[in-house]
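Subject: Structure handover and findings

Hello,

Here is the structure for you to take over. Please open it alongside these notes.

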Amino acid sequence: MQKLAIQGGNPLRGEVRISGAKNAALPIMCAGLLTADTLRLTNLPDLHDVGTMRKLLVQMGVSAEVATNEITFKGDQINNWEAPYEMVKTMRAAILVLGPLVARFGDAKVSLPGGCAIGSRPVDLHIKGLQAMGAEITIEHGYIHAKAKKLKGARIFFDIVSVTGTENLMMAAALAEGVTVLENAAREPEVIDLANCLRAMGAKIVGDGTDNITITGVEKLHGATHHIMPDRIESGTFLVAAAATGGSITLRETRADILDTVLEKLTEVGAKITVDGTSIHLEMSGRPKAVNVRTAPHPAFPTDMQAQFMALNCIAEGSAMVIETIFENRFMHVQELRRLGAQIDVEGNTSVVRGVAHLEGATVMATDLRASACLVIAGLVAQGETVIDRIYHLDRGYEHIESKLSQLGANIRRIK
Ligand code: UD1
């Protein structure tokens with residue numbers, strides 16, 4: 001199993017290009033199932049999850065032509081409507097094939113994702129939404145089996161805001177008969193990026209970016225070319241790493257408008273941030289100030305940045321509260337941070353972090369994707385060597401992370 005070894009203490013300095021967003025790429029790749037024509041995606045990040053999604057689509061009969069940071073799909077030979085357990089268990093986003101398959105072919109079989117490190121993460125809202133659109137759904141042998149002659153538009157209210165739930169139903173509704181209204185829908189920028197791609201394919205969607213999305217179904221979707229939006233979580237992770245190490249970095253090809261709350265928090269920490277078009281510059285001197293964080297659906301503070309801010313708070317001046325309201329078990333990184341000398345108390349969904357002057361390098365284990373990013377940040381500031389085990393989580397969501405960090409002056413290497 002591969003590991004990362006980091007010698008802490010180097011402030012990050014220089015420029016880094018931000019990759020396409022994982023959480024936009026995965027749903028948008030599934031949009032390739034909605035048409036027999038060609039869907040070309042550019043700015044596609046080179047990530048393990050993107051590779052898994054490509055394999056899944058190819059297994060279904062989609063043809064895929066791959067180039068650097070690009071893929072071209074053609075879905076005119078799809079003959080298998082099943083997403084097997086082996087794939088869904090490694091990448092929950094595989095549930096996103098359900099809506100498109102049942103909308104276009106009237107049949108889909110997708111393994112239930114099961115639990116994961118950060119909580120039980122059910123998919124009941126995806127299922128209820130498709131049922132409201134007339135799909136007949138049975139759960140057999142660990143698989144969701146959805147059937148429908150033709151999906152029908154419906155009014156669907158989400159009791160809990162769900163990002164992939166919104167995306168799955170938006171794709172299904174694009175080919176349904178009549179009008180679908182998604183209420184209490186997710187407002188994440190990745191939902192807008194998917195809607196932009198679907199519109200380019202001929203879908204009729206309004207209201208994305210608000211909590212009320214209206215989709216008027218069309219008979220057929222056609223081919224399109226779509227440029228995947230920049231990754232706001234990768235952007236935020238590099239900015240936090242620079243702030244924690246007292247560095248000075250410039251992110252290229254990103255967007256400040258998708259990072260509002262994260263940039264606000266970094267300013268509270270003491271960083272100076274300037275935005276110039278698609279570049280964001282962060283300058284930090286001195287010890288960061290502790291900052292309270294409470295996760296909630298967009299536009300509030302993203303749960304996918306919680307762990308990284310926890311790492312920053314570990315070495316900050318003062319104490320901070322970190323409250324997680326989206327996932328019930330997303331403090332797995334706390335135990336590992338404690339191994340580096342962090343002072344953190346946890347009670348339910350609230351952590352209290354008391355900043356210490358130094359962390360000390362140790363061997364730690366990555367438990368999920370964003371927890372791994374948090375350990376990398378902690379390793380960059382800790383004295384001595386930190387070895388992070390199980391970094392396959394990191395490769396699922398961060399493109400070429402060690403080469404990007406090395407380019408910024410970090411002392412980091414992969415141990416194979
Ligand atoms: C997406 C992101 C993930 C991010 C999360 C929250 C992708 C590929 N992944 O995950 O990185 O951390 O949004 O911003 O975009 N829930 C239910 N029933 C459902 C669906 C969700 O109870 O049917 C609950 C979940 O358990 C969780 C909450 O709703 O507590 C939000 O989850 P959701 O927005 O669906 O997360 P994902 O879309 O899986």
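Below is what was found in it, starting with the ground rules.

This is a predicted model, in which local features need pLDDT of at least 70, side-chain atom pairs count only at pLDDT 80 or more, and totals for chains, interfaces and linings use all residues. Residues are numbered from 1 along each chain as its sequence is written, and side-chain values use heavy atoms, with hydrogens and water left out.

**Overall fold**

The chain has 14 helices and 24 strands. Both are DSSP runs numbered from the N terminus: helices are H or I with at least four residues, strands are E with at least two. The radius of gyration is 21 Å, close to the 22 Å from the globule rule for 416 residues, so the chain is as compact as a globular protein of that length. That radius is taken over C-alpha atoms, and the rule is 2.2 Å times the number of residues to the power 0.38. Along its principal axes, the C-alpha trace spans about 65 × 45 × 40 Å.

**Ligand site**

A polar side-chain atom of Asp 124 sits 2.7 Å from a ligand nitrogen. A backbone N or O atom of Val 163 is 2.8 Å from a ligand oxygen. For Pro 122, a backbone N or O atom is 3.3 Å from a ligand oxygen. The ligand taken alone exposes 740 Å², and the protein buries 88% of that. Areas come from the Shrake-Rupley method with a 1.4 Å probe.

**Cavities**

The whole structure holds 3 cavities of 30 Å³ or more. A cavity is a set of points, on a 1 Å grid over the protein atoms alone, where a 1.4 Å probe fits but cannot get out; lining residues have an atom within 4 Å of a point. Points are joined across faces, edges and corners, and a volume is the space filled by probe spheres set on them.

The largest cavity has a volume of about 50 Å³. Its lining includes Phe 238, Val 376, Tyr 398 and Leu 405. α8 (232–244), α12 (369–381) and α14 (401–407) each give two or more residues to that lining. α12 gives the most, with 4 residues. The lining divides into 9 nonpolar, 1 polar and no charged.

The second largest cavity has a volume of about 40 Å³. Among its lining residues are Arg 232, Ile 258, His 298 and Met 305. α8 and α9 (260–269) each supply at least two residues. The classes are 7 nonpolar, 2 polar and 1 charged.

**Backbone points to check**

A cis peptide bond joins His 298 and Pro 299, with omega about 15°. Pro 299 is in the loop between β18 (293–294) and α10 (306–314). Asn 43, a residue other than glycine, has a positive phi near 60°. Asn 43 lies in the loop between β3 (38–42) and α2 (48–59).

Best wishes

Conventions
A polar contact is a pair of N or O atoms within 3.5 Å; within protein, one must be able to donate a hydrogen and the other to accept it, and residues adjacent in sequence count only if both atoms are side-chain atoms. On a 1 Å grid over the protein atoms alone, a cavity is a set of points where a 1.4 Å probe fits but cannot get out, and a pocket is an open set with protein on both sides within 12 Å along at least five of seven lines; lining residues have an atom within 4 Å of a point. Ala, Val, Leu, Ile, Met, Phe, Trp, Tyr, Cys and Pro count as nonpolar, Asp, Glu, Lys and Arg as charged, and the others, Gly among them, as polar.
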